[in-house]
Amino acid sequence: MKLNAILVEDEETSRDILRNYLTKYCPNINIVGEAANVDQALVLIRSNDLDVVFLDVEMPYGNAFDLLDKVGNIDFETIFVTAYNHYAIDALNAHASYYLMKPISIDELIKAVDYVTEIKVKEEALQNQVLVPKTKAVNGKITIPQQDGFEILNTADIMYCKADDNYTEIYLNNNKKKLVSKTLKYIEEGLKEANFARVHKSYLVNVNEVVKYVKGKGGSVVLSNGKEIMVSASKKADLLSYFK
């Protein structure tokens with residue numbers, strides 16, 4: 001897993017050493033920027049999607065903790081790199097992932113990066129599971145991923161879902177639409193126990209919202225909001241099985 005990182009260190013020599021060590025011994029670290037003070041670091045943090053920040057404590061015009069206070073909602077891991085061990089408690093209170101002492105030990109640096117990588121791998125695995133059926137844990141609800149987290153929807157509020165390449169458009173009964181960066185097949189898996197029928201390669205409908213079926217080779221269904229959706233011949237039997 002590649003991790004986007006920035007280096008925040010006021011001493012150029014120390015930055016050079018850390019950069020060289022990371023490049024040589026931690027190839028999964030992608031350094032997207034470097035900063036020599038709090039203001040520069042704040043700009044980088046706000047303009048990049050970061051996984052980890054390597055952070056010196058003492059800098060001109062503020063320290064590491066001033067920076068973290070200004071960031072506010074921290075969504076990256078922090079590896080402190082400092083020559084002073086008396087900041088360890090403060091770093092722990094700031095939810096630091098690792099505390100490295102200068103001069104940097106290569107072995108300790110690798111351990112720190114491996115530790116953060118493990119955290120990120122677990123986070124990604126959890127995020128990839130957000131659409132699995134939750135009929136036991138959270139009855140009648142699913143979660144849909146978003147850039148800043150996920151949103152919880154009541155399955156009863158979903159009228160139908162429409163495929164849009166590798167995305168899915170979810171249409172709700174309040175005339176709102178959600179665009180999700182998951183395939184329709186993935187959404188179907190999450191809704192398979194909630195009375196949703198795949199009526200077409202591009203459509204998944206809430207059977208409870210079907211008010212009319214129009215006969216034909218495959219036919220079509222009309223939903224409670226007036227939306228008519230064609231039913232493919234291969235999906236007709238599955239749909240009609242809901243109404244036996």
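**Entry 1: the sheet**

I found 5 strands in an open sheet, ordered β12-β11-β10-β14-β13, with antiparallel pairing. Strands here are DSSP runs of E with at least two residues, helices are runs of H or I with at least four, and both are numbered from the N terminus. Two strands pair if DSSP finds at least two bridges between them. At the edges I noted β12 (177–180) and β13 (196–200), each pairing on one side only. On average, neighbouring strands of this sheet are turned by 20° against each other, direction ignored.

I recorded that this is a predicted model, in which local features need pLDDT of at least 70 and side-chain atom pairs pLDDT 80 or more, while totals for chains, interfaces and linings use all residues. Residues are numbered from 1 along each chain as its sequence is written, and side-chain values use heavy atoms, without hydrogens and water.

**Entry 2**

I looked up β10 (residues 158–164) and β11 (residues 167–172), which pair in the antiparallel sense over 6 bridges. C161 has I170 in β11 as its bridge partner.

**Entry 3: helix α1**

I checked which residues of α1 (residues 12–25) are buried (under 20% relative accessible area, 1.4 Å probe, protein chains only; exposed is over 50%, partly exposed in between). They are S14, R15, L18 and L22. These residues lie on the same side of α1 because they cover an arc of only 100° around the axis, taken from the directions from the helix axis to the C-beta atoms. On the face turned away from the buried side, I listed the exposed residues E12, T13, T23 and K24.

Note on methods:
The expected span of a helix is 1.5 Å times one less than its number of residues. Axes are lines fitted to C-alpha atoms, for helices over the stretch in contact, and angles run from 0 to 180 degrees between N-to-C directions.
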